Amino acid sequence: MKRATFISLIIGVLLLQGCSILTESRAEREARIERETQMILDGINSGDFKIDIERMMPLRGSSRHVNGFSIKVKDGHIVSNLPYFGRAWDLPYGGGHGLTFEADIEDTAVFTGDDGSYTVRMLIKTDEDTHVYTLQIYVDGNSYLLVQSKNREPINYVGSFSFR
């Protein structure tokens with residue numbers, strides 16, 4: 001009995017020690033948040049970043065988990081590889097390319113939110129449609145993308161920001 005009590009006491013002490021090592025001080029946390037914020041801001045200002053899409057939320061129907069989709073922005077050029085579900089009007093026969101294209105960005109605007117987030121609005125014209133990509137990027141790297149097209153219903157995406 002004494003041995004079982006001794007072993008459980010040792011395990012308890014080791015667990016408490018492990019928990020104290022994993023805690024982050026307030027100054028360390030603020031420094032980490034400042035580094036992440038600066039990284040996101042550098043990526044936005046340089047115009048060189050990538051958003052990996054994890055979930056899509058069409059206007060009609062349920063949201064769906066997706067893998068392998070992203071948008072890449074570099075030097076005023078966008079590579080969009082996004083799935084699309086929803087209604088469309090006035091499209092080429094067969095549905096066209098949807099939201100999978102490479103194009104130059106016509107116009108870009110960056111806004112700072114009250115909560116420390118950044119909003120990037122991009123106007124993109126392709127041979128099929130005109131798109132407005134509104135990207136909201138939070139300090140923790142979570143990103144929300146709203147795609148509004150002239151000939152398609154709007155669709156939302158959730159993803160994660162990465163600085164290339």
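Begin by selecting L15, which sits in helix α1 (residues 2-22); helices (H or I, at least four residues) and strands (E, at least two) are DSSP runs, numbered from the N terminus. The model is a predicted one, in which local features need pLDDT of at least 70 and side-chain atom pairs count only at pLDDT 80 or more, while totals for chains, interfaces and linings use all residues. Residues are numbered from 1 along each chain as its sequence is written, and side-chain values use heavy atoms, with hydrogens and water left out.

L15 is exposed, with a relative accessible area of 56%, where buried means under 20% relative accessible area, exposed over 50% and partly exposed in between (1.4 Å probe, protein chains only).

Next, select R26 and E30, whose side chains meet in a salt bridge at 3.5 Å, N to O, the term meaning a side-chain nitrogen of Lys or Arg within 4 Å of a carboxyl oxygen of Asp or Glu. Because they are four residues apart in helix α2 (residues 26-46), R26 and E30 are separated by about one helical turn. R26 is exposed at 68% relative accessibility, whereas E30 is partly exposed at 45%.

The whole structure holds four salt bridges, and another to select is that of E153 with R60, at 2.6 Å, N to O. E153 lies in the loop between β7 (142-149) and β8 (155-163) and R60 in the loop between β1 (48-58) and β2 (64-74), so this pair ties together parts that are 93 residues apart in sequence. E153 is buried, with a relative accessible area of 4%.

Finish in the largest nonpolar core, which has 28 residues, those with the most contacts inside it being L82, Y133 and Y157; a core is a set of buried Ala, Val, Leu, Ile, Met, Phe, Trp, Tyr and Cys residues joined through side-chain atoms within 4.5 Å. With neighbours within four places in sequence left aside, the contacts of Y157 include I53, M56, L82, L99 and V147, contact meaning heavy atoms within 4.5 Å.
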